[in-house]
Every structure is written in C-alpha cells, then in structure tokens.
Amino acid sequence: MGRKLKYKYNPLQMISLLIIGLSIAAMMALLADSTRSVFTVSINGKSMGQVQSKNEIYKIVDSVEKDLSRKYGTEATVNEEMILFSKAKVTEIAPINEEAVVQELSKSENSYLKSWVMTVNGDKIVALNSEEKAGQLLKDIKKHYLKEGSRYLDVSFKEAVEIHEKNIHANELFDYDDALRYVLTGTTEMKEHQVKKGESLWTIAEKYKISLEDLETANPDTDPDKLQIGEKISLVIPKPYLTVVTTEKAVVSEKIMFKTTYEKTEALYEGEEQIKKDGIFGVKEIETQVKRENGEIVSTENIDSTIIKEPLNQIVLLGTKAIPSSLGTGALDNPSRGTLTSVFGRRWGRMHSGIDIANKEGTPIMAADGGVVTFSGWKGNYGLLVIISHGNNRTTYYGHCNEILVSKGDVVEKGQVIAKMGNTGNATGVHLHFEVRVDDVPQDPLKYVEYTIN
Ligand SMILES: [Zn+2]
C-alpha cells in the first residue's frame, strides 16, 4: 500500500506566508532608494575614500607588502595600525583611489622591513636585508685590512660587534656596498680625484685643502713616488666605525755584525793597518708577532731568533816595524802657511781635537816630520785625510784636504808636500785641520808647532 501526500495549506499558514512576502518587499524597497553602510578609510589621518568591505583594503595591503618584499629583498609588513576604518551610511559611495592607497601604504614610515642590524658597542650602524649579507659584511671589513701573503694568528674587532634581527623602515636599509663603505670610512660618499700630468699627492692635498697626512691615510696603498696619470685618489678621510685588530707572524732577516781580530806583523810600519781578511756579516732570522689596528702597527714582539749563518771575523794586520829613526826627528815643523782660526780644546760644547789653519784652496800641506803614511783617503767629518806615523807612538793628522798626493805605506820626509788645502768633510771654509797624537790621544798642537793667534 502506498502513501499519498497532500499539498494543501490551511488559512493560518496562508496568512504567515503573506506577511513574510510583504516584509521582503518592504526591505527591498528600503534598500533600493535610501542609504547603505560603508567604511570610510583613513591612513595616517589622511582620508582615502570609502569601501564596502575592509577586505578591499587588506587586499591592497597584501599586494603592497608583496611589492615591498620584492623591492627590498626581505619580508615587508605594512603597519596596519595606521589604517582606520569608520562606519558610515551613505547614499552614494565615494570610492577609494587605489593608486593613492598603494602610494600611501608604500611610504617608508608606514611599513617595516625585516632586517639585520650591525651594532658597535650597542650603537646601530648599518642595516642589511639578510643575515648572510650581515655576516659577509663583518668578513669583508676584516678582509679590508688583511694583506696577502701574511700569516695571521688572530683577526678580531676591538669593539663589541653584534648582529640583531630588527624591523626597520626602508629608508634605514643600506645597500651592501654602501654599508661596507660606511663602516670603513664613516660615510657612503665617494669623492675621488683622477691624477693629471704633473700632479703629486702634495699638489692634490693643496688643491682640496686636505693635509698630506690625511690624504695618505685615505690612500694607504698609494705610493707617493709612483703616482700614475689617471690613478684615482680618494678624497674621503676615513673615520672607521670599527677597529680590526690583527696579529700576524712575520719572519725578518737581520744582519749579524762581524768581529775584528788583530794580528801583528813586521811587514807594516808601526801605526799602519791592513785588512788581511774581510769580515762577512752573519744572518739571523727573527720571528716576530706584529699587532696592527686597521693596518697600523701598534706593537712588534720578538718571539724567536735563529742564526742562519754565523758571521766571519775580519782580520786586521797591525804593523810593528819601527819607523826608521832617521825619519822622525821628534821636532815638528808647521804643516802649512796660513792663519790660525781655531785652537785646541773645547769649542761650542764639543772637543776640538786639533787646530785649524786657514788659507787659499790648494795651499800646500807639508809633513810636519818624517814618517810613514798610515792612512790616506776619506774619513767621515775629516773629509780627505792623511795620517802620518812618526814612530814612538806619535802621529799627525791632516784633514779637510782638497787633494792628497801620498798613498798609504809611503815613506815621507819632513817638509814634503803631502796634500793640498781644501774644505772636504765637515768643514766651514777652506782650512787645514791639524792634529798631533801621542798614543792615539790628541795633544795641543801649539806645544809642537808655532802659529800666532790673530
Ligand atoms: Zn779643526
């Protein structure tokens, strides 16, 4: 048996349906001709127009965040607290200008970028868009001061350096190269000068009113003597934010001075010397630890030293043969004509070991007594010098000569012309510097020769 369904309404149901139908019609009529609910949008207090749904704004926020993320290479977040919605009932909607909203939301101060900030002693210095770049920055700052071929035991920062993740505004973000330049020089600006013909570091310093020292600091790898035309000279005086402390191991070679030993010989006259064998310098290697701050040496410490080659002694022959007694009379004649301009003794706080006799250049200089020439040649302040040994440990010196006419080993007679007056060595004006020595100790020559003091 089947069941039969009946579709039939009773009167009460009919009335209810009628009421519902009328209500719907009334509501439709109301919506059609009067106000509706919207949201008035303001960003940072600036009115942007109206939307029917907040989602319309959130969609723009999403796309702005995506665009900023792409542009800056890091997560970008629009600060939604700056967006205010207020409900309003309007008859006609004033739509937002999407472009204006995008522009407003994209402003640096209205969004945040995820960044990695480098701090030095707690102060924020630069911000980069990735942790890798921040790490690379620290490596490159250190690398800036390292020299190829050096052996580093330690490379560190003097200051406390940290990398923190932090939200920043886009205008605080650094490009990588700028960040490196900023930390190394204290500025991102690049001021350079291209070297022109005839210029030197000195003229460039003058031109830009920079001290030569600062210019040299700004260009540590520039050799002032090898300046090339077209070479770029930095005009930025670096004020680095960081101090890179390096400790390197260095090995330097050093000469070891040889000693001199003496051998006596009858083959040479008393007072005469002759090198029998040249000395040879030894070599030692010194291991040092050099500590630098931003490339400048602050300390050097010797760690170890090894002798690579021992020095070889110089052997000098000392003459013992007596000066022929027929030569040295014991009495001295004046060695030259001229004016006594300086006496023996203390002069301007220094010891004057002889007397000075001035005359014209080329005035003959005579041996004060017979003897053997034991030195003939250049000797420091004496300039061209002749030393004559007269026996009995007596010697005479003739300094500042213009020309020497005798050689070492020559036997000379009393009064023989041995040299000509000049002003070689440390001399003011043409004069003969004459010394008399006994046992190598300078004596007052005026006890032996006769000159009148003017
Ligand atoms: Zn003198």
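At what angle do helix 4 (residues 131–144) and helix 5 (residues 176–185) pack, and how far apart are their axes?

## Helix 4 and helix 5

Helix 4 and helix 5 pack at an angle of about 45°, with their axes 10 Å apart, where axes are lines fitted to C-alpha atoms over the stretch in contact, and angles run from 0 to 180 degrees between N-to-C directions. Helix 4 is therefore oblique to helix 5, a word for angles that are not under 35 degrees (roughly parallel), over 145 (roughly antiparallel) or 65 to 115 (roughly perpendicular). The helices are DSSP runs of H or I with at least four residues, and strands are runs of E with at least two, both numbered from the N terminus.

In this pair, Lys133, Leu137, Asp140, Ile141 and His144 of helix 4 meet Tyr176, Ala179, Leu180, Val183 and Leu184 of helix 5; two residues are in contact if their C-beta atoms, placed from the backbone, lie within 7 Å.

## The model and its domains

This is a predicted model, in which local features need pLDDT of at least 70, side-chain atom pairs count only at pLDDT 80 or more, and totals for chains, interfaces and linings use all residues. Residues are numbered from 1 along each chain as its sequence is written.

The domain assignment, which is automatic or from a database, gives domain 1 (36–106), domain 2 (116–234), domain 3 (247–320) and domain 4 (324–447). The C-alpha centres of domain 1 and domain 3 lie 83 Å apart.

## Helix 2 and helix 3

The axes of helix 2 (residues 54–72) and helix 3 (residues 98–106) come within 10 Å and cross at roughly 50°, and these two helices are therefore oblique to each other. On the side of helix 2, the contact is made by Ile60, Val61, Val64 and Leu68, while helix 3 contributes Glu98, Val101, Val102, Leu105 and Ser106.

## Ser42 in strand 1

Ser42 is found in strand 1 (residues 36–43). Ser42 is partly exposed because 15 other C-beta atoms lie within 10 Å, given that a residue is buried with 20 or more such atoms, exposed with 12 or fewer, and partly exposed in between.

Leaving aside neighbours within four places in sequence, Ser42 is in contact with Ser47, Met48 and Leu84. Ser42 and Val101 are 59 residues apart in sequence and 9.4 Å apart in space, C-alpha to C-alpha.

## Helix 6

Helix 6 (residues 201–208) is hardly covered, since the count of buried residues among its 8 residues is 0. Helix 6 is followed by Lys209, whose phi is positive, near 55°.
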